[in-house]
Amino acid sequence: MASTKAAGAEIKLRNSVGSFAKNAPDLATLGPVIALVLAGLFFSIKSDRFLTGGNFSLILQQVMVVGTLAIGQTLIILTAGIDLSNGAIMALGNILITKLAVDAGLNPFLAIGLGLLACTAFGLLNGGLVTTIRLPPFIVTLGTLNIAFALTHIYSNEETISDLPAALTYLGKTFNVGQTEITYGSLLMIALFGIAWCILTQTSAGRHIYAVGDNPEGARLTGIRTRRVVLTVYAVAGFIYGIASLLLVSRTGVGDPNAGQTDNLDSITAVVLGGTSLFGGRGSVAGTLLGALIVGVIRNGLQLIGTKSIYQVLITGILVILAVAIDQLARRRKA
Amino acid sequence: MSDKIAMPGSVGPDGDRSTVPLGAATAVIEVARRPRRRPVRGWWRRSAALLVLPTAAALVLSACGSSSDGSASGGTDQAVVGLITKTDTNPFFVKMKEGAEKAATAKGVKLLTAAGKFDGDNAGQVTAIENMVASGARGILITPSDTKAIIPAIAKARAKGVLVIALDSPTDPQSAVDALFATDNFQAGVLIGEYAKGLTGGKSVKIAMLDLAPGIAVGTLRHNGFLSGFGAAEVSGTASEPASAASVVCSQDTQGDQAKGQAAMETCLQKDPGINLVYTINEPAALGAYTAIAAAGKENDVTIVSVDGGCTGVEAVKDGKIAATSQQYPLKMAQRGVDAVLSYATDGTKPSGYVDTGVTLITDKPVAGIDSENVEFGLDNCWG
């Protein structure tokens, strides 16, 4: 009796996990691709300034910070976690890098290194609390959000740091492809997406992340060291937030203690719009890039055609609910 | 939803999963080894439609929302002017936007508007500047959220020939923009300082100061103006640090927020119950302070003065909650800004330096020798 039940469940599981993990990335990206294309078409018709290389480069540049944060967020959400602290960690990195380089007079590269280190340490702290004390990620990162926010404001003394050395803003510099100026930072973001995509889809480490997120107990029984996987994911995410803080420095050209206050939710928005499931184990970074671009395109497009900025928020809200609804529908159908 | 997210290793609705570890293990191995393809099911198509249709609807809706610019891409001769405020929600900025819209409609100028998500959202304002430059704006009017951090973005826009005018708040340094159209915030403080001095007429006072936040120029200027006008401290309008005075028994930051103003006043009354004069950075903070003072039963012993001239604030002056307020004129700032961009677009003339958009003392209890307007004037000219 018990064995029949187990066998039935097994078949159910095999179906669900197999089809999700393998087919979901392609299918789940279908929605965002359509939304993106549709928005693009709409704005091309409404404004003659939308469909230009320069404008696309601008959109990329505008999503590079949240997009990069969203890579780390995707990794964490794939393990069925969530990170509310990423914007605050980035703001801390941003202040550390700029203040160490400007006020403390450190070599800019050393300052960048220390900033990356601090962000990684925060990631480790998140991961450590989640894996060793088994606190819910939501609570852990709510705590570290406040800690990082407070440290940022204490260390910065509420002051904006300007007159940065050129090395810190290098990623904000541009090069020309034909008539179009492209920033190095946008390229770095795309490269990071590429690396994350390769790791998630082509390596066993990537499959372990999906497995841990989909079914931690099952993953453990197959010999995956689930705690180590989760810890590593949080630490790597922290490092990625460090890179995001460098991108932020290069984009705004200052150290700004008030930066990143809504970026945690913005990065979750990008992940969710990209079709990644908040329950873990399903989704892709390619979708996250699309999700970030959807937000960027709608913001830019609405501005170009002269619509009030509040409509961007309205549309994003509708899209988020739809994306999650689709995810839930998928779960019910397949489970 | 959130507790689902919060659970480590949550497996979602079908909780039976974790009770069948063996099956799960097999499944995981399958994930790792064998890719399987399934046909696209009908519901995927349906969900795609679900995603697409409302998006389209929302886009159309938003396009309709964009008032009078149906021919957005077509209009080549029409000058484009951008207005970037700190937030979309503060009535001060709503009034500013209204002023810009009126002027734009009257002059046949196309107006783009944008705002940060919260007060202090520099990145949001940077993005707005970039998008407005990309959409061909000849001039941008901006109330900088972070007076220093916005400067690199402003410099880039100006390098592309865009006229940039700061409204309400100066950038740091002020020369980073072409011109500043704003209230003289030091003078706004001086007016209520002089008024409070006339009202208290040399009696001994214990002052509470409910300020904005550290390091924000507007807050420092009003604070110093009040102390200077009251004669409590010798301080000039160029001082960058808030002055202190012996008669000030309590200073608290409120972020200009009503709830924080109330908490700050409660703290101050705890510190010194003899406080009889309260300076507030704006009217929400003043109303919060009034709530705390009334709760302590001291509303007849304490005088509150404030700055802003919002309609709620002027009503509070009418009700006697606030004795006097310095009214400023966001509508005028925006209208003059639009005019300036238009003349730049037509003949290239640029405004420069600081343009004072005026400030008026509003009270129903005038003090001899101090110019003021009554509440009716205040209500006719209020914002919000």
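A helix crossing is called left-handed if the near helix is turned anticlockwise from the far one by less than a right angle, and right-handed if clockwise. Helices (H or I, at least four residues) and strands (E, at least two) are DSSP runs numbered from the N terminus.

The model is predicted: local features need pLDDT of at least 70, side-chain atom pairs count only at pLDDT 80 or more, and totals for chains, interfaces and linings use all residues. Residues are numbered from 1 along each chain as its sequence is written, while chains are lettered from A and ligands numbered from 1 in the order in which they are written.

Helix α4 of chain A, which covers residues 108–131, packs with helix α5 of chain A, residues 137–156, at an angle of about 150° and with the two axes 9 Å apart (axes are lines fitted to C-alpha atoms, for helices over the stretch in contact, and angles run from 0 to 180 degrees between N-to-C directions). The crossing in which α4(A) passes α5(A) is right-handed. On the α4(A) side the contact is made by Phe122(A), Leu125(A), Asn126(A), Leu129(A) and Val130(A), and on the α5(A) side by Pro137(A), Val140(A), Thr141(A), Thr144(A) and Ala148(A) (contact requires C-beta atoms, placed from the backbone, within 7 Å). The residues of this contact divide into seven nonpolar, three polar and no charged (Ala, Val, Leu, Ile, Met, Phe, Trp, Tyr, Cys and Pro are nonpolar, Asp, Glu, Lys and Arg charged, and the others, Gly among them, polar).

In another pair in chain A, the axes of helix α6 (residues 184–202) and helix α11 (residues 285–304) come within 9 Å and cross at roughly 150°, which makes α6(A) roughly antiparallel to α11(A). Here Phe193(A), Ala196(A), Trp197(A) and Leu200(A) of α6(A) meet Val285(A), Ala286(A) and Leu289(A) of α11(A), and the contact comprises seven nonpolar residues, with no polar and no charged ones.

## Domains and sheets of chain B

For chain B, the domain assignment (automatic or from a database) gives domain 1 as 80–183 + 331–351 and domain 2 as 185–328 + 359–380. The C-alpha centres of these two domains of chain B lie 29 Å apart. Seven residues from domain 1 of chain B and seven residues from domain 2 of chain B take part in the contact; on the domain 1 side, these are three nonpolar, three polar and one charged.

One open sheet of chain B has six strands in the order β2-β1-β3-β4-β5-β11, with parallel pairing (strands pair if DSSP finds at least two bridges between them). Its edge strands, each pairing on one side only, are β2 (110–115) and β11 (353–356) of chain B, and the twist averages 20° from one strand to the next. Helix α5 of chain B (residues 122–134) packs on this sheet, touching β1 (80–85), β2 and β3 (139–142) of chain B, and its direction makes about 175° with that of β1(B). Strand β5 of chain B (residues 179–182) runs parallel to β11(B) and is joined to it by four bridges, Ala179(B) having Gly353(B) as its bridge partner.

A further open sheet of six strands has the order β7-β6-β8-β9-β10-β12 in chain B, with mixed pairing. The edge strands β7 (248–253) and β12 (359–363) of chain B each pair on one side only, and neighbouring strands are turned by 15° against each other on average, direction ignored. Helix α9 of chain B (residues 258–271) packs on the sheet against β6, β7 and β8 (277–280) of chain B, its direction making about 155° with that of β7(B). Helix α11 of chain B (residues 311–318) also packs on the sheet, touching β9 (303–308), β10 (324–328) and β12 of chain B, with about 155° between its direction and that of β10(B).

The axes of helix α10 of chain B (residues 283–295) and α11(B) come within 9 Å and cross at roughly 40°; α10(B) and α11(B) are therefore oblique to each other, and the crossing is left-handed.

| Helix pair | Angle | Axis distance |
|---|---|---|
| α4(A) and α5(A) | about 150° | 9 Å apart |
| α6(A) and α11(A) | roughly 150° | within 9 Å |
| α10(B) and α11(B) | roughly 40° | within 9 Å |

Finally, the peptide bond from Asp172(B) to Pro173(B) is cis, with omega near 5°, and Pro173(B) lies in the loop between β4 (163–167) and β5 of chain B.

Key. Contact = placed C-beta atoms within 7 Å. Parallel < 35°, antiparallel > 145°, perpendicular 65-115°, else oblique.
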